Structures are given as structure tokens and as C-alpha cells.
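User: I am new to reading protein structures and would like to go through one step by step. Please show it, and then I will ask about its parts.

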Amino acid sequence: PDVIDGRTFTSTVVDLNPWVEYEFRVVATNKIGGGEPSLPSEKVRTEEAVPEIPPSEVSGGGGSRSELVITWDPVPEELQNGEGFGYVVAFRPSGTTTWIQTVVTSPDTPRYVFRNESILPFSPYEVKVGVYNNKGEGPFSAVATVYPNLLSHVDFPTEPSTAPSGVSATSLSSSSIQVSWTAIPWKMSNGRLLGYEVSLW
């Protein structure tokens, strides 16, 4: 808060996070400057509220055959806004309209694995992860596209027999570079080519 008049002995502190413990100290000031701070107050916890921040970095992919792996960065405790915090994981095959939802009750869990024989390698899924606590449900993250397990020995007799050629890179900005390459000839891919993996160091 702003500096308080010397004849006032209370102040309301605003813009605090819900369900977080705070301590307070007070310093007396005059024209010369500030004195020593007081001893800390007892810890005081703000009231609970519906969570407002969804998890970040929602992504996934890989996993074993017939698995859809969804990952995210867990929400820090100071942003969970109350007890009973957890995640609502929603996903659907790209191009469909109905979301499949499940609940992950641990606030520290960073992933969920959906297993089903109907999942095909490299078939895109739309995923999003929401939050909830004892006060209610909060927002969902932005929708991300996740690709299940790309390759297994059942899908192809062997891996592609050659590497992409003509790899080049062009700087686009202070934080991005465009990478280009020549496609692998069909006869060298040993089956349906699912995609490319770009590495950097």
C-alpha cells in the first residue's frame, strides 16, 4: 500500500493471491526517513477462490503403441487458489466435435496417458487441460495438437533407409530460424512416411 497518514493505524492490502499465507511488517517514517521494521505479524491466509490460471506448455506425443500421452507444466501452489486442486484433461481426434474428458486429482501430476486400441500412429488429437478446486472449475488451456506414437516394428518392416538431404537454415528473427530440407524419395521411406524429426544444438 501507499504510505499511510501518521494518525491512521489500519490499512487494506489488495491484489493478493487467494489461499496464500502472508506476513506483514510496518515501518514508521518521518521527514528524516524510515525506522526499523516491526516484527512480522502472524501468518494470515486469504480466502479460497475458483482457479484462474490453467497449466502452461500443454503438449504430448510419443508413448507406446495405442497410447496418447498428454503433458503440461503443473500450476504452482500459489496459483491453485484453494484446496482440492486438480486438472480436467480433454481430448478428441482432430476433425471431431465431442471431447473426451478425465480428471487428474493430483496437483503435481505433469502428464496423463490414454490407452486405447483405436489410437493410430500419427493420428492427430486436439487436447486441452483445465483446472478445478473445491470452489469450482477454472479455465482451460489453449487447444494443442498432439500426435500419438509415431513408429513401431508392427507399422513398418524397417525404418527409412536414407536421411533427408539439402538441409538449410535461415534466420527469421532474434528468436526463430526456418529449417528446410528435400523430401525423402518414396522408395527410400520403406512404407508410409509419417513425418520428420528436427534436432538442434
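User: Leaving aside its neighbours within four places in sequence, which residues is Ala90 in contact with?
Analyst: This is a predicted model, in which local features need pLDDT of at least 70, side-chain atom pairs count only at pLDDT 80 or more, and totals for chains, interfaces and linings use all residues. Residues are numbered from 1 along each chain as its sequence is written, and side-chain values use heavy atoms, with hydrogens and water left out. Contact means heavy atoms within 4.5 Å. With neighbours within four places in sequence set aside, the residues in contact with Ala90 are Trp99, Ile100, Gln101, Glu126, Val127, Lys128 and Phe140.

User: Is Ala90 buried or exposed?
Analyst: Ala90 lies in strand 5; helices (H or I, at least four residues) and strands (E, at least two) are DSSP runs, numbered from the N terminus. Buried means under 20% relative accessible area, exposed over 50%, and partly exposed in between, with a 1.4 Å probe and protein chains only. Ala90 has 0% relative accessibility, so Ala90 counts as buried.

User: Is Arg115, the salt-bridge partner of Glu67, buried or exposed?
Analyst: The closest N and O atoms of Glu67 and Arg115 are 2.8 Å apart. The pair joins strand 4, which holds Glu67, to strand 7 (residues 111–115), which holds Arg115, 48 residues apart. Glu67 counts as buried because its relative accessibility is 12%. Arg115 has a relative accessible area of 56%, so Arg115 is exposed.

User: How many salt bridges does the structure hold?
Analyst: One of them is between Glu21 and Arg45, with the closest N and O atoms 3.8 Å apart. Glu21 in strand 1 (residues 21–22) and Arg45 in strand 2 (residues 44–45) are 24 residues apart. Glu21 is partly exposed because its relative accessibility is 44%, and Arg45 is partly exposed because its relative accessible area is 38%. The number of salt bridges in the structure is four.

User: How far apart in space are Val113 and Ser64, C-alpha to C-alpha?
Analyst: Val113 is in strand 7, and with a relative accessible area of 16% it is buried. With neighbours within four places in sequence left aside, Val113 is in contact with Glu67, Leu68 and Val69. Val113 and Ser64 are 49 residues apart in sequence, while their C-alpha atoms are separated in space by 9.9 Å.

User: Which strand gives the largest share of the nonpolar patch?
Analyst: Patches are made of residues with over 30% relative accessible area and no salt bridge; like charges are joined within 9 Å, and nonpolar side chains (Val, Leu, Ile, Met, Phe, Trp, Tyr) within 5 Å. Val167, Ile177, Val179, Trp181, Tyr196 and Val198 form the nonpolar patch on the surface, with about 540 Å² of accessible area together (Shrake-Rupley method with a 1.4 Å probe; for residues, only the protein chains shown count as cover). Tyr196 lies in the segment after strand 12. The largest share, three residues, comes from strand 12 (residues 177–182).

User: What is the phi of Asp15?
Analyst: Most residues other than glycine have a negative phi. Asp15 lies in the segment before strand 1 and is exposed because its relative accessibility is 77%. Although Asp15 is not a glycine, its phi is positive, at about 60°.

Technical notes. A salt bridge is a side-chain nitrogen of Lys or Arg within 4 Å of a carboxyl oxygen of Asp or Glu.
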